[in-house]
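Please keep the viewer open as you read.

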Amino acid sequence: MQDVILEIKNLHVNYRTDTDLVYAINGLNLTVRKGQILGLVGETGAGKTTTALSILRLLQKDIGYIDKGEIYYNGQNLTKASEKDMEALRGNYISMIFQDPMSSLNPILTVGEQIEEVLKLHRTGMSKKDIEETVENLMRMVSISPQRKKEYPHQFSGGMKQRIVIAIALACEPDLLLADEPTTALDVTIQAQVLELMGELQKKLNTAMILITHDLGVVAEICDTVAVMYAGEIIENGTVEDIFEGDRHHPYTVGLFGSIPDLHSKKKRLEPIPGMMPDPTKLYEGCRFAARCKHCMDICKASMPAAAEYGAHMIRCFLFQQP
Ligand SMILES: Nc1ncnc2c1ncn2[C@@H]1O[C@H](COP(=O)(O)OP(=O)(O)O)[C@@H](O)[C@H]1O
Ligand SMILES: [Mg+2]
């Protein structure tokens, strides 16, 4: 479809460790449309970061690798793209914001120099004066006084550092932004501000975004669609309305959303899902959630359910398979 910016088909990603092969992504399918915010949720170890790193081909060299599947960005298969093509895409058309701002900032360069660096790399025709002006505008955009451009990262608070990272990520007005828990390392009070800012900028620049987050409140507020990930697969996805208001859900989604305290329903106790994620070094015949699922049937242990679709709402569970 024309307005699709990213399409991931049957992606399999593994990590080689000294002793094992970790099957981190197991047949993932995902579509992001232009200008849309997709919330990617799921517990730690589900494969969210691996998905983002695979798109940018930034998996740890000699350890992580794409085993199967395709990732299409504007129709171009990134799994087959040359390293040179990927370099031209990174930071220019597709940007990533990591969980910890310090992992993206260089402590020995001023923040101004770091914003400038991306522009110099990707906007080669810009004059010195234009670059300077753009850096100042970007700093204003994330509400940091341009007068501070000569300061170093350590002179800024955590929230400000992450706002600088956002300015760097948006410097070239990318079409697609991958934000991996962008506020997890920040104080709760600052988290909302940074997310609000990201939402505003996304609207202004019409950037498509994959927002990886644990915060379902944020998902409800700023995302258009939601994909729920479990053990390297998307087990349910749909619009925010499908996921938050629909009656049909994958038992894992029910558990995940049930474990979040809901301000409206006065539910006081968290309901963690019993059990643990399956061992990622083993291959499974059946549904990976079967061992933790209170609805588990014989068939669930024997084979993988196909995707049941209700319009744009998809659930991968035998409870929803039409006979
Ligand atoms: N560098 C690595 N080497 C080996 N295994 C890894 C590595 N990075 C991630 N994994 C494994 O891949 C799976 C997915 O991890 P990750 O993508 O970080 O999940 P999430 O971001 O959802 O928490 C987990 O089982 C994790 O232990
Ligand atoms: Mg992660």
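A crossing is called left-handed if the near helix is turned anticlockwise from the far one by less than a right angle, and right-handed if clockwise. Helices (H or I, at least four residues) and strands (E, at least two) are DSSP runs, numbered from the N terminus. By that handedness rule, the crossing of H3 and H5 is right-handed.

Some ground rules come next. This is a predicted model, in which local features need pLDDT of at least 70 and side-chain atom pairs count only at pLDDT 80 or more, while totals for chains, interfaces and linings use all residues. Residues are numbered from 1 along each chain as its sequence is written, and chains are lettered from A and ligands numbered from 1 in the order in which they are written.

**Helix packing**

Two packed helices are described by the angle between their axes and the distance between the axes. Here, axes are lines fitted to C-alpha atoms, for helices over the stretch in contact, and angles run from 0 to 180 degrees between N-to-C directions.

| Helix pair | Angle | Axis distance |
|---|---|---|
| H3 and H4 | roughly 120° | within 10 Å |
| H5 and H6 | about 15° | 10 Å |
| H3 and H5 | about 20° | 8 Å |

Angles under 35 degrees count as roughly parallel, over 145 as roughly antiparallel, 65 to 115 as roughly perpendicular and the rest as oblique. Helix H3 spans residues 111-122 and helix H4 residues 128-141, with axes crossing at roughly 120°, so H3 is oblique to H4. The crossing of H3 and H4 is right-handed. On the H3 side, the contact (C-beta atoms, placed from the backbone, within 7 Å) includes Ile 115 and Leu 119, and on the H4 side it includes Ile 131 and Leu 138.

Helix H3 also meets H5. At about 20° between their axes, H3 is roughly parallel to H5. Val 111, Gln 114, Ile 115 and Val 118 in H3 meet Ile 164, Ala 167 and Ile 168 in H5. That contact has 6 nonpolar, 1 polar and no charged residues; Ala, Val, Leu, Ile, Met, Phe, Trp, Tyr, Cys and Pro count as nonpolar, Asp, Glu, Lys and Arg as charged, and the others, Gly among them, as polar.

Helix H5 (residues 158-170) packs in turn with helix H6 (residues 188-205) at about 15°, and H5 and H6 are therefore roughly parallel to each other. Their crossing is right-handed. Among the residues in this contact are Gln 162 and Ile 166 of H5, and Val 194 and Leu 197 of H6. By class, the contact of H5 with H6 has 8 nonpolar, 4 polar and 1 charged residues.

**Domains**

The domain assignment (automatic or from a database) gives domain 1 as 4-93 + 172-320 and domain 2 as 98-171. Their centres, taken over C-alpha atoms, are separated by 29 Å. The contact takes 21 residues from domain 1 and 18 residues from domain 2. On the domain 1 side, H6 gives the most, with 7 residues. That side divides into 12 nonpolar, 5 polar and 4 charged residues.

**Around ligand 1**

Ligand 1 is surrounded by 16 residues (C-beta atom, placed from the backbone, within 6 Å), and the closest are Tyr 15, Ala 24, Lys 48, Thr 49 and Thr 50. Strand S2 (21-33) and helix H1 (48-55) each supply at least two residues of this shell, and the largest share, 3 residues, comes from H1. By class, the shell has 6 nonpolar, 9 polar and 1 charged residues.

Notes. Two residues are in contact if their C-beta atoms, placed from the backbone, lie within 7 Å.
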